[in-house]
Each structure stands twice: as C-alpha cells, then as structure tokens.
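Q: Could you take me through this structure? I would like to begin with the contacts.

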Amino acid sequence: MDDGASWAKIGGFSDVSRMTVAASPGDLGDAATARVYILAENGARTAQKDVFRSDDGGQTWSSLAVNSSRAPVNPNADQSDLDVMHGQAFYNQMIAVDPQNHDRLLVGGNLCLVRSLDGGVTWAVMADWLPQFVSMGDDTYVHADYHAAAISYAGGSMRFYAGTDGGIFRGTDVFTAANGNAHFEDRMNRGIVSHLIYTVATAAERADTASCHVPAATADIVFGGFQDNGARLRVLPGSGDPTVFNQIAGGDGFGVGVGCASTGDQAGSLLIETYVSQVNLSLDGGANFSSAMTGIGINLDPQYTFVMKIATDITDTNGRTFLTPLTEAGTQLGHVYRTTDGASSWSSINGTITCANSRNGCTNTTSAFPLPLMNAATNPRVASAYAAVSLSRAYVTTNGGASWNETVRVYPDNSGNCVQPSSIAFDPGDATGNTVWVSSKGTRTSTVCTSTAIPIPDTVGHLFKSTNAHALGSSSWTAVHGSGAGALPNVPINVVKVDPGDNQTIYVGTEVGLYRSIDGGANWSRYGTGLPLVSVTDVSIAFDGSSVRIATYGRGFWEIYPRSGGSPAGIAGNGDFNFDQLIDGIDLVREAAALLTTNADADYTAIGNLTGATNSIDANDFAALAAKLGGRP
C-alpha cells in the first residue's frame, strides 16, 4: 500500500500453489479500493484452483469459482468448464485486466482463452488452439500454453498480446467481439528466431552409399524436434528458401533421426521423430507419419521418456538402424531398444549387463539397466558398438547389445541424481570402444539435490572422459575442463559430440553456447562468430566434419562450415541477416562485413550468398542485395 516500502502477508487462501496476480493500472489512484485478481493452481498442482478477487487492494479476497465447478457460456470439447489450466496449472498461467476497465479480464491456460466482462461473474471462450475441431472460426486460433499477456491502448486503440508456446499473438477485439468470435493474428512472429529446439539430425551425418544416397543437396537436410511446435524439416536449396523450416509433425517434437526408407533411396526419405513416450515414422519424407512402437514391450515412465531420445547408427549403410534409450514405468529400470528396419519394429538389446560392482539392483549380472537411462550413442566408425548413460553410470557394448559392461560412477563422489548425465559419445579413433565422453547437466554435489548442497567445483566441471570403459570395477573417469584461458566454463553441458573423422575435435553444447577443442580436450574456446550466449541442446556433425549444425533452446538452428565442402555449391540465402522480413541498411552493413568470405571461414553465412555457383560472398551478392533494398527478402 506504500509502493513497496513495507510488506504484509496476505491471508485468505488455502490449498493453493503457483499464483499469478493481475490488476488494472486504472486503479492506481486509490490503492485502498483497487481491484486485484489472483489466478491460482491447487495445492496438488493438478488443476486450476480458482480466480480470486479483491476490491480493497488485496486486503480481503473472495472466490469467483473459476474452475471445474462452473462452465463458460459457450463451452466446447476443449473447454467444457472453467478449469482453463487443467493438469498443466504448474506450467501455463495467464491473467490480464483491461487497463481502462477492471471488470474486463482474460484468463489463458493450456488450450483456450476465456473472457469476463463483468468482473468474473460470467465467462466466454474467445480463443482455442484447434478451433476447427470445436466449431470456432479460424481467426480464433491462438497457440496452446499461455504464459504472459499485455494490453496496450497506445495510439488510442486497444491491442491485446498473448505470449504462448507458439510465440506472440495479437488481437484488437477480444473485449468487444461476440462470445467466441474474437480475431487474432501471429504475423508478429515473422523474423523472430526464438524457437526452443531439443534435437537436430541431418543427412550429412552419414556417408553416401549405394543403399542410402546422400547427394550434395540432400546433405543440407536439417530435421529437428521443437518444444510444442512439432518436428520441422528444412526446405532444400532449389525447392525454396533454405531458411524455411516446415512443420511436418505436430505437438512436441523430441528425438529425431534421418535415414532411407528403402534400398537405393535418398537420405531423408525415412524420418523418425518422437513425441511423449511415442515413436513415429515417415516413409515419404515427412508427408505422412504413423506410430512406430511395434516391439517396444514395456510401459514407459513419462518422467524419463517425456523427451525420448533417438541415436542414429551411421555404420548401417542401408540407413535404417537407430537406438532409443527407455525407462520402464514402476521399476524405473533402463532398456535399450534397436531397430534395423527403419522403426517398422524394435527389439530390446539389453542382453547381459555385467555390473562394475555388486550392489543393490546390480548383483554380478542383470538383464536390465539398474537405473533410468538418460541417453545413448553409437560409434560412427565401429558397427554394433553402442553406449548408454544412466543417472550415474555408463554402459558399453561391442556386439550390438548381446553383452554390456558397466563403468564405475561417472561423477567422482557419491552424488545421486544431481549428476544428471546428459549425453555420451564415443571416441571414433578407439576401435575397442573403451574411450567415451559423458557430459553432465548437474549443478550441485548432493544426493538430495537441495539448494543448500555444494555447487560443483571448477576442478570437476561437467565433462568427463574414460579410456577404459570396458574395465568394469577398474574403469575410471577423468574430469576434462582445460585450464586458464583454454578452460571450459563451469556450467551445465547438454551434449558432447566428437568429430567422426578427427577424434581431437570435440564439441560441447553448453548453457552459454557452443565450445570446441581441437586438441583432444586440453584447450577449449567458444566456437562460431555471431552465435549468441544461448543453451545449445544438440549437435549434428557431418560425416566428414565439413559442417556442424546445432539446436538451441531459444534461438533456433545454427550452422557453420569448419572446412570447405560442407555445403552444395552456391546454396542461396535471402539477405535478411536480422530476420526482420525487411532488406535495410543493417543487412547491407552485414553483407559488406562478410564480403570475400567463403564457407571455410568462421564468419561466413549463407544468408549473404544470394547469387552464383560457389559458397562465397562477393560483389555480385552485394549488388543483388542492394537491388532489394527497402523490400521484402
């Protein structure tokens, strides 16, 4: 009541957890009579508890019964009652009040947006994620999962903005349109590269073979899994703008794989993508997808298979062998499944697992991995050599999973789940399969992962290497983090990958960008001019090391060509360096800065290569861009 000078606890609430507060700026004149609303989830975090209203600046509160006990005036199959947040109340919460009228408010949840014009007495559904299935107009589409909102009267007219899993949506009649008949648009997202991407796979990962062709243009296939924006496939050069990624599967996209649907096909004819505890495949380059769970004979634990991983075995010249590490519901035992027919069927390859030491859950040998599995990898140079990593240990096999050897704990103390191994990778120069790398997302050294636990020290870091992974109880791990100016930052690492043709070149995707070592891990440096300080979640390296594509959590895909030959000659860009859908002076300056670069240079970008048959930016490219000045790319 005094602009934050003093605070008092607000009472009157029970059985609540996360809450979001909203008020009308129009009430600022008298804090004692200000209208305030609170949107709350229940204490169990399973549903929407209510919207609470205060008419005295938050001193006393009353329930509006905005939950499953009441219904909107225009219910539909997605929103039959007023529990707008449903089982995701812990995740998607949005409430906004009209700055000029505190009786007008909006609540967004996971699928719909509802409106009240009378201070919360009655409500109407105004937007839906899938309006075509609930008899609402196409213009009522707003992407699922609301997180933020703003209402502006700048310029004299009202504009409502919603921040969702699908970006920014804008509407001008959300308070004036008839029930269920508001109009929204999402064109503001054009040019904003903000997608949250979990994984990336490319055709360039595999060598060109008679059974699975990877011609020059096909090598530029980029396929990725997006947070709540499906799985997306890059339009190839010659077919359109190579900066366009078409959504070919909906919902969440997680693990991805690129292969060949049948003998003699091109890479990309077979695409594999995962959803929550679900594998799907396409045999026609993404035109159609179908379920691909045949042979997976366990119930999956969604805690560990929500983001379901896919590992590609590029030693299979047919392009149809993939792995997926899974965790069984109830037992939380790990399982590795493999397909050799392009996900038409899967088989368990747990085989016999020899324990590093006898203990509860792993006595000498076992037929299931004793802990949930976090990731898996294949050796790019050795057929049937696979690896998996659990909550604390790594497992390696040289015979396709018939037998596995367990290592000692990766982390050098007795920490439990705080280790959080994120990925595992083979050293392709070690044909025995003994040399493997493991990255960690851990932040604390504690078996209970509490906030009071000890942060991971710089001397340990988040990257570990074993050169004797098959030695069971005698196996060992070394922390690899460099030193001095060549040290890795002590931050979580999401992925580690080794160049298939150069075991001295290692890439790690960290929470603050991509780092590379070219001396086997002794020294590290941030890699790639222009890449922002962003979480790098996955890395795809071309079979010959000529291209590197990365997935980021918030800034889309990025690519770089460490050496010549990584891209088909003359891959064309559109000149829109800052992705604002306008060719302007900024783009010309960026083009000038990139003049005379080729794809062998770290600061080369195909965006500036508008013309010609070579991977270079020259005077002709600059002239072509200048001719587009002031227009759309």
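A: In this predicted model, 52% of the contacts with a separation of 6 or more in the protein join residues 24 or more positions apart; contact means heavy atoms within 4.5 Å.

Q: What does the secondary structure come to?
A: The protein has 3 helices and 45 strands, which are DSSP runs numbered from the N terminus (helices: H or I, at least four residues; strands: E, at least two).

Q: And how much of the protein is buried?
A: Of its 633 residues, 53% are buried, meaning under 20% relative accessible area with a 1.4 Å probe, protein chains only.

Q: Which residues touch the most other members of the largest nonpolar core?
A: They are Tyr 37, Val 51, Ile 95, Val 107 and Trp 123, in a core of 20 residues. A nonpolar core is a set of buried Ala, Val, Leu, Ile, Met, Phe, Trp, Tyr and Cys residues joined through side-chain atoms within 4.5 Å. Strands 2 (36-42), 5 (94-98), 6 (101-108) and 7 (112-116) each give two or more residues to this core.

Q: What is Trp 123 in contact with?
A: Leaving aside neighbours within four places in sequence, its contacts include Val 66, Pro 72, Leu 82 and Val 107.

Q: Which residues does the second core include?
A: Leu 106, Tyr 146, Val 174 and Ala 182 are among the 19 residues of that separate core.

Q: How should I read the numbering and the values?
A: Residues are numbered from 1 along each chain as its sequence is written. Local features need pLDDT of at least 70, side-chain atom pairs count only at pLDDT 80 or more, and totals for chains, interfaces and linings use all residues, while side-chain values use heavy atoms, without hydrogens and water.

Methods
Buried < 20%, exposed > 50% of the residue type's maximum accessible area, 1.4 Å probe, protein only.
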